Amino acid sequence: MFAAERRQLILEMVRANGAVSLRELARVVQTSEVTVRRDVRALEAEGLLDRRHGGAVLPGGFTRESGFPQKSHLATAEKTAIADLAAGLVEEGEAIVVGAGTTTQELARRLARVPGLTVVTNSLLVAQALAHANRVEVVMTGGTLRGSNYALVGSGAEQSLQGLRVSRAFLSGSGLTAERGLSTSNMLSASVDRALVQAAAEVVVLADHTKLGTDTMFQTVPTDVITRLVTDEPPAQDDRAATELQALADQGVQIAVAGSSAGPGGSVAPGDSTQGRQSRREMPLPGQRRTHLPGGAPQLRSTASAPMVEQPAGERARVAEMRRR
């Protein structure tokens, strides 16, 4: 495929979906991410699209919302890893709310195995995933059906959430930045998401790395309200995504990174359930580095003050003799 053909196909994908990851673009045009990155850079120079962390979006700074068919085929491996890790946060007998989205739909499929669970949702897809689960009670909000994402929105949905209190809310969105928090492209969806947040003691955001640094029109959850972010491992060359993650961590958001290559036995944050199947990568803070205690887990310790080096016995004796003189 010639460069012009590649770039035309990339442009058509971004226009159709609003936001597309470099990984997905490389798969579709059957070339390397390095080549796709050059194509995206050239298209950005022409003002045809904007680069974002690990992907490309429509120009103008704000992405439009993709429909469910497009979303369901984007970053599928990443969403699976995120859902596996997030499911480990949910305990038996808990009451939670789960918002609309393809990532939360993946989470719901895993929650079907948690006994005694009560799930409040405005998503038909989440409810469908839990419809035949044993000992899982599903509570649907009221509202008007929004066909593009199979979610109930409007005043009916918001009023049905008044007076509700649950332990956690699991939400997704169109974009996430340290400056504005979670956002979406639709006003009605944003309003319902804010009502879901009001009902929860903690807020857990599920967002793959392509959404990091992407800003959309309507804010749903400010950064200072987000308790935890569950995301996937950004590509090694994506320094901007790592910078955004660190900025979120600096504002107090707990970061859990799902590694797609992690095997069984992975853990989540201390104190959480150990049902998760993916590993959690801790992010060392600036000025800290890892050290391993014998037979124990890795610990973080500051590099500001290094321990003094032990002097040999002969040297100590010589110094002591000089002091006596």
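These questions and answers walk through a predicted model of one protein chain.

Local features need pLDDT of at least 70, side-chain atom pairs count only at pLDDT 80 or more, and totals for chains, interfaces and linings use all residues. Residues are numbered from 1 along each chain as its sequence is written, and side-chain values use heavy atoms, with hydrogens and water left out.

Me: How many helices and strands are there in the protein chain?
Reply: Helices (H or I, at least four residues) and strands (E, at least two) are DSSP runs, numbered from the N terminus. By that rule the protein chain has eleven helices and 17 strands.

Me: What percentage of the residues in the protein chain is buried?
Reply: Buried means under 20% relative accessible area, exposed over 50%, and partly exposed in between (1.4 Å probe, protein chains only). The protein chain has 325 residues. The buried share is 49%.

Me: Among contacts between residues at least 6 apart in sequence, what percentage joins residues at least 24 apart?
Reply: Contact means heavy atoms within 4.5 Å. Take the contacts in the protein chain between residues at least 6 apart in sequence. The share joining residues at least 24 apart is 63%.

Me: Which residues touch the most other members of the largest nonpolar core?
Reply: A nonpolar core is a set of buried Ala, Val, Leu, Ile, Met, Phe, Trp, Tyr and Cys residues joined through side-chain atoms within 4.5 Å. The largest one holds 30 residues. The members touching the most others are Leu 176, Val 205, Leu 212, Val 221, Leu 229, Leu 248 and Ile 255.

Me: Is Thr 103 buried or exposed?
Reply: Thr 103 lies in helix α6 (residues 102–111). Leaving aside neighbours within four places in sequence, Thr 103 is in contact with Lys 79, Ile 82, Ala 83, Ser 172, Leu 206 and Lys 211. Its relative accessible area is 1%, so Thr 103 is buried.

Me: How many Å apart in space are Thr 103 and Asp 208?
Reply: In sequence, Thr 103 and Asp 208 are 105 residues apart. In space, C-alpha to C-alpha, they are separated by 8.7 Å.

Me: Why does Thr 177 count as buried?
Reply: Thr 177 sits in strand β10 (residues 175–177). Beyond residues up to four places away in sequence, Thr 177 touches Gly 213, Thr 214, Asp 215, Thr 223, Glu 244 and Leu 248. Thr 177 counts as buried because its relative accessibility is 9%.

Me: What is the phi of Gln 30?
Reply: Gln 30 is found in the loop between α2 and α3 (33–45). At 74% relative accessibility, Gln 30 counts as exposed. Although Gln 30 is not a glycine, its phi is positive, at about 60°.

Me: Where is Arg 135 found?
Reply: Arg 135 is not a glycine, yet has a positive phi of about 60°. Arg 135 counts as exposed, at 60% relative accessibility. Its place is the loop between α7 (124–130) and β6 (136–140).
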